[in-house]
Amino acid sequence: MKRRRFLVGATVVIGGVGTAFTAVPFIASWQPSARARAAGAPVEVDVSKLEPGEQVTVEWRGKPIWVLHRTPEMLDRLATLTDSDRLRDPLAKVATQQPAYITGPLRSLKEVYLVVIAICTHLGCVPSFRPEPGSVGDDWPGGYFCPCHGSRFGFAGRVFKAVPAPTNLEIPPYRFLSNTRIEIGVDPEPSTS
Ligand code: FES
């Protein structure tokens with residue numbers, strides 16, 4: 001009797017799984033499972049609706065990743081922040097903080113989009129997005145402020161001096177699949193030209 005009950009139960013479960021796959025074959029084929037995501041499967045982000053000044057948070061390898069659409073004003077403020085008097089690593093020379101193909105002070109593949117790991121390099125808190133100039137002190141040009149111990153980062157994730165965080169925010173590997181689709185966790189194809 002017990003064995004019979006088990007067989008009936010097993011049939012129902014197997015039938016249920018089959019139905020689920022039949023009902024959502026397309027979704028199952030492109031959405032990485034939670035386990036695959038935790039193990040590091042790439043994550044795709046559509047930024048076509050992301051307005052200038054907005055950012056979106058996605059999860060990759062269990063970490064929050066910000067994608068910020070920088071405004072012309074943000075880029076202007078970034079351009080004026082190039083000196084090592086205010087920033088620890090203005091030209092992003094510390095190699096461990098970004099992939100080798102991310103170079104220069106903007107720290108991005110495309111000028112307007114910043115893709116950055118949202119984890120403070122001091123002790124791992126998540127900083128808050130504070131884009132308004134002056135909102136974190138008179139000389140605040142806008143950027144990211146860590147509420148735990150006061151570390152400050154600009155719109156390229158570059159760390160200011162005189163704060164506890166030792167290095168810039170880390171940039172993950174990523175590539176553009178189109179002008180408005182970003183894949184996080186995968187390096188760009190090497191150029192053939
Ligand atoms: S964890 Fe961000 S300042 Fe300490």
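Valine 67 touches Val45, Val47, Leu50, Glu54, Gln55, Val56, Tyr113, Leu114, Val115, Ile182 and Ile184, leaving aside residues up to four places away in sequence; contact here means heavy atoms within 4.5 Å. The model is predicted, with local features requiring pLDDT of at least 70 and side-chain atom pairs counted only at pLDDT 80 or more, whereas totals for chains, interfaces and linings use all residues. Residues are numbered from 1 along each chain as its sequence is written, and side-chain values use heavy atoms, without hydrogens and water.

Val67 and Ile184 have the most contacts inside the largest nonpolar core, which has 35 residues. A nonpolar core is a set of buried Ala, Val, Leu, Ile, Met, Phe, Trp, Tyr and Cys residues joined through side-chain atoms within 4.5 Å, where buried denotes under 20% relative accessible area (1.4 Å probe, protein chains only). At least two residues of this core come from each of S1 (43-46), S2 (55-60), S3 (63-69), H4 (72-80), S4 (113-117) and S9 (181-184). Strand S4 gives the most, with five residues. A second, separate core of six residues includes Leu81, Leu87, Val136 and Phe160.

The chain contains four helices and nine strands, these being DSSP runs (helices H or I, at least four residues; strands E, at least two) numbered from the N terminus. Three strands form an open antiparallel sheet in the order S5-S6-S7, with S5 (128-130) and S7 (152-153) as the edge strands, each pairing on one side only. Two strands pair if DSSP finds at least two bridges between them; S6 (residues 143-145) is joined to S7 by two bridges. Phenylalanine 145 stands opposite arginine 152 in S7.

Note on methods
Buried < 20%, exposed > 50% of the residue type's maximum accessible area, 1.4 Å probe, protein only.
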